Amino acid sequence: MAEEKVTQHVKRGLKSRHVSMIALGGCIGTGLFVASGGAISKAGPGGALVAYILMGIMVYFLMTSLGEMATNLPVSGSFSTYAAKYVDPALGFAMGWNYWFNWAITVAVDVSTVSLVMAFWFPHFPAWIWSAIALTLIFVINALAVSAFGETEFWMSLIKVITIIIFLIVGFLTIFGIMGGHATGLSNFTYKDAPFVHGIPGIISVFVVAGFSFQGTELVGITSGEADDPRKSVPKAIHEVFWRIILFYFLAIFVIAAVIPYTSPDLLGSSASDVSISPFTIVFERAGLAAAASVMNAVILTSVISSANSGMYASTRMLYSMADEGYAPKMFGKVSKRGIPFLALLATTAVALLTFLTSFMGPQIYLWLVAASGLTGFIAWFGIALSHYRFRRAFIAQGHHLDELKYHATWFPFGPILCLILCIVVIFGQDVGAFVHGQWFQIAVTYISVPLVLALYIGYKLVKHTHLIPLDQVDVAPADLSQENKDQD
């Protein structure tokens, strides 16, 4: 096979509809389809709604922060690059490697989950075969062209969106007794201790679950490096998608809470293997739809493959960007004639494959690897908020005006400060019970990603002697997209 020509940049092949749907689909998955029931069980219907709305507000501020930086400097590495340019090169190094490695592990977790989902239909089929097929499929999609990734995500996200819309229609018809034969009304909102079960502690405990449900929104920043018109498509995606996400989550949880009482054991599922007790499945079944479990299993399969596909894309682009910035070997910055960082894709696939193999050969190692990826999203969010706070302060300190920005986040500095505080609360609130009971092994498993990031950060500082960049020296110059387009022609 002829060697592919190496070009300088990835290609801007993602259309506006791709960016919007990737942002929307990125945080609609098993967190909503399965784990949302557990949130209602823990905090009651009112508590779950409050927790998801508060987390949604935080994510909105986070996305506007990312949007301001991504329209000014649309690059594939996004928040790793921003942390290095606006805060400290050591922070960019730590965030980039942490995000790449942990998303590669998450791809392995998702392909393992594919076998669990397929076991619903084929219980006696060897599980590893389904996982191998899924990993191969995802590799091929990501190896073709960025437009192939965008188109695949567009249609898989559309399936999830259509499912939610149908679920909401069926759910409201069930609440009013038009389907299912029995009108539940809002009686479950006042059943026993509802609407607020366990008070404020209950809401805080669900806050963590809600945070995981919204993971993936930061993918908008990664796509900005390959969006055909990032200064229009990124702000559009942020505004359109945020309100749709809030609407979908709020209405879906409202419907589940109205149809199923918070005391029901049917709300205790938390993983893709719990499709038979997914709150979506239960609501469809109560409405009289016999094939509900099979349909929801197919949707959850789509969600898991979509998550793995997005993870492969995000981690590949992060490794490519780090090579470009000098934080990873230069070979990972090489791009094929189709605009794909192929060696970065191979490295990511190799980590995902090795992680997947440990689930058979060393279950304990697999447990630690999965645990290491647990807080990655929140750490990335913390870095985004801190980078934006520093970017805006430097921008103003250097005599610039907000009207120079193509898009600027409102409510500064309230937005990034709120995000920083809530990220810290969520990160350290992951397993408070383990601290109370002195369960040190559990603490180590839950929080392992925090010392790993600190080790990367401190290690780079000691070797490279980096420091916090003074505001007057922060490079806030916008990217010259016209020059980039000339380079690609």
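Reply: A residue counts as buried when its relative accessible area is under 20%, and as exposed when that area is over 50%. The model shown here is predicted. In helix α18 (residues 440–447), the buried residues are I443, V445, T446 and Y447.

Me: Which elements cover the buried residues of α18?

Reply: The cover includes α14, α16, α17 (432–436) and α19. Within helix α19 (residues 449–464) lies S449, which counts as buried because its relative accessibility is 0%. Apart from neighbours within four places in sequence, S449 is in contact with A372, L375 and I379.

Me: Is A210 buried or exposed, and what does A210 touch?

Reply: A210 belongs to helix α8 and has a relative accessible area of 0%, so this residue is buried. Residues up to four places away in sequence aside, A210 touches A51, Y52 and M55. For F356, 146 residues apart from A210 along the chain, the separation of the C-alpha atoms is 27 Å.

Me: How much confidence does the predictor attach to the chain, and where is the pLDDT below 50?

Reply: Where pLDDT is low, the predicted coordinates should not be read in detail. The protein chain averages a pLDDT of 86, and 95% of the residues score at least 70. Over residues 1–7, however, the pLDDT is below 50. That stretch has eleven contacts in the model beyond near neighbours in sequence.

Me: How is the packing of two helices described?

Reply: Two values are used: the angle between the axes and the distance between them. For helix α7 (residues 146–175) and helix α10 (residues 230–259), the angle is about 35° and the axes are 10 Å apart. The crossing in which α7 passes α10 is left-handed.

Me: Which residues meet where α7 packs on α10?

Reply: From α7 come V161, I164, I165, F167, L168, G171, F172, T174 and I175. They meet F248, L251, A252, F254, V255, I256, A258 and V259 of α10. By class, the contact of α7 with α10 comprises 15 nonpolar, two polar and no charged residues.

Me: How are α13 and α14 oriented to each other?

Reply: Helix α13 (residues 342–361) and helix α14 (residues 363–372) pack at an angle of about 140°, with axes 6 Å apart. The two helices are therefore oblique to each other. On the α13 side the contact involves T355, T358, S359, F360 and M361, and on the α14 side P363, I365, Y366 and L369.

Me: What should be noted about backbone geometry in the loops?

Reply: Most residues other than glycine have a negative phi, and most peptide bonds are trans. H198 is not a glycine, yet has a positive phi of about 65°. This residue is in the loop between α7 and α8 (199–213), and counts as exposed because its relative accessible area is 57%. H465 likewise has a positive phi, near 55°. The loop between α19 and α20 (481–488) holds H465, which is exposed at 64% relative accessibility.

Me: Where does a cis peptide bond occur?

Reply: The cis bond joins F412 and P413, with omega about 5°. P413 lies in the loop between α15 (376–397) and α16 (414–428).

Technical notes: Residues are numbered from 1 along each chain as its sequence is written. This is a predicted model: local features need pLDDT of at least 70, side-chain atom pairs count only at pLDDT 80 or more; totals for chains, interfaces and linings use all residues. Side-chain values use heavy atoms; hydrogens and water are left out. Axes are lines fitted to C-alpha atoms, for helices over the stretch in contact, and angles run from 0 to 180 degrees between N-to-C directions. Helices (H or I, at least four residues) and strands (E, at least two) are DSSP runs, numbered from the N terminus. A crossing is left-handed if the near helix is turned anticlockwise from the far one by less than a right angle, and right-handed if clockwise. Contact means heavy atoms within 4.5 Å. Ala, Val, Leu, Ile, Met, Phe, Trp, Tyr, Cys and Pro count as nonpolar, Asp, Glu, Lys and Arg as charged, and the others, Gly among them, as polar. pLDDT is the predictor's confidence in each residue, from 0 to 100. Buried means under 20% relative accessible area, exposed over 50%, partly exposed in between (1.4 Å probe, protein chains only). Angles under 35 degrees count as roughly parallel, over 145 as roughly antiparallel, 65 to 115 as roughly perpendicular and the rest as oblique.
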